[in-house]
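Open the model in a viewer and keep the selection panel at hand.

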Amino acid sequence: MAMSSEAVVARRERLLQLADSNLILAQQLTAWCGHAPMIEEDLAQANVALDLLGQARQWYRLVCASEPEFGDEDRLAMLRDVAQWRNLLLCEIANGDFAQTLVRQALYDEFHVVLLTALVASSDAGIAEIAAKAVKEARYHRLRSADLLVRLGDGTSESHARCQRALDRLWPHVAELFVDHEGDALLAAMGVAPLPSSLEETWGQAVGTLARKATLTLGAVASARAGGRQKRHTEHLGFLLAEMQFMQRSYPEATW
Amino acid sequence: MNDAPLWEVFIRSQHGLAHKHVGSLHAADAKLALLNARDAYTRRNEGVSIWVVRAADIHASDPREEDTLFESPKGKEFRHATFFPTPEGVKNL
């Protein structure tokens, strides 16, 4: 299928938003390795991180296959600076305590499942194929994060307070998940990817149900703190990239 | 969470085989034990089914009774079905 140059750019920007979000979130989760509250949770979080990392690689490869000027997955992951990343701001906010990491994960997992479920039906065969495998992983991530959030939200007064604080802290960043950017309408018209705004209702119902079970109160719809797709980021991303890219920056071209 | 009960984990590696004990872990309840077992013991494609059992619910034979319980069958190889001639044409018995 020959795509217009406009469609190529729109597809790439959308795929990089998803891939970058996955990779940044994977990096955040791996920071818990060896520090999670219990060893079983430690391992589980690392598993989720590896799933997200694996998915990011697939999306990067898809981008590089149609636009070779992007190089390869390693270059995209390890050699881009802050102003070249499209990830959702939600993913780059610092981990905070375990509750904040968990609340962020639960919010993202719900979003990830809704998005991937739609992408399974993409008219773009490459996207549909990756989504079909990824959505199964995302459903497991959601199963785990939702279960834990109910336990901790509806747990002790301490765990409840921490979860509610985390939710209040992160809530201003959820609106960005559903912002339609330039090119998204074209992708939706072509059946390549759904409009982000079209996912909000399903997500909102799922998160509303989850919050009720977890006895947590969702914030009012705040003004969207967006910027990821415009490559405008919070102060958190630079520190994260510095750590993630250290090896490749210090020893360029180093391989295993 | 360290006071969470201990669970024994059993994995069935493929359909048709029996669940086999693979290890143990801590979890607050059965649901979480299953999730933890999935992450700890099936991440290298080890299985298609998981059982978890509270370690406290397993009753074990007394290791001090090993001689009493298990010494007797030793040397009684005739109990193995290895002394029968295999009929011609039978591949497995």
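Predicted model: local features only at pLDDT ≥ 70, side-chain atom pairs only at ≥ 80, totals over all residues.

How do the residues of the lining of the largest cavity divide into nonpolar, polar and charged? They divide into 14 nonpolar, 2 polar and 2 charged.

**Stop 1: the cavities.** The count of cavities of 30 Å³ or more comes to 3. Go to the largest cavity, with a volume of about 150 Å³. Select Arg14(A), Gln17(A), Leu18(A), Leu115(A) and Leu119(A): of the 18 lining residues, these are the closest to the centre of the largest cavity.

Next, colour helix H1 (5-30) and helix H5 (98-119) of chain A, the elements that give two or more residues to this lining. H1(A) gives the most, with 6 residues.

**Stop 2: the loop between H9 and H10.** Move to helix H9 (200-213) and helix H10 (236-244) of chain A, and select Thr215(A) in the loop between them. Phi of Thr215(A) is near 55 degrees, a positive value in a residue that is not glycine. Most residues other than glycine have a negative phi.

Stop 3: Now select Lys231(A), which lies in the loop between H9 and H10 of chain A. Lys231(A) is not a glycine either, yet has a positive phi of about 65 degrees. With a relative accessibility of 31%, Lys231(A) counts as partly exposed.

How values were computed: Residues numbered from 1 in each chain as written. Chains lettered and ligands numbered in written order. Heavy atoms only, no water. Helix = DSSP H or I, 4+ residues; strand = E, 2+ residues; numbered from the N terminus. Buried < 20%, exposed > 50% of the residue type's maximum accessible area, 1.4 Å probe, protein only. 1 Å grid on protein atoms, 1.4 Å probe; cavity = no way out; pocket = protein on both sides within 12 Å on 5 of 7 lines; lining within 4 Å. Points joined across faces, edges and corners; volume = space filled by probe spheres on them. Nonpolar A, V, L, I, M, F, W, Y, C, P; charged D, E, K, R; others polar.
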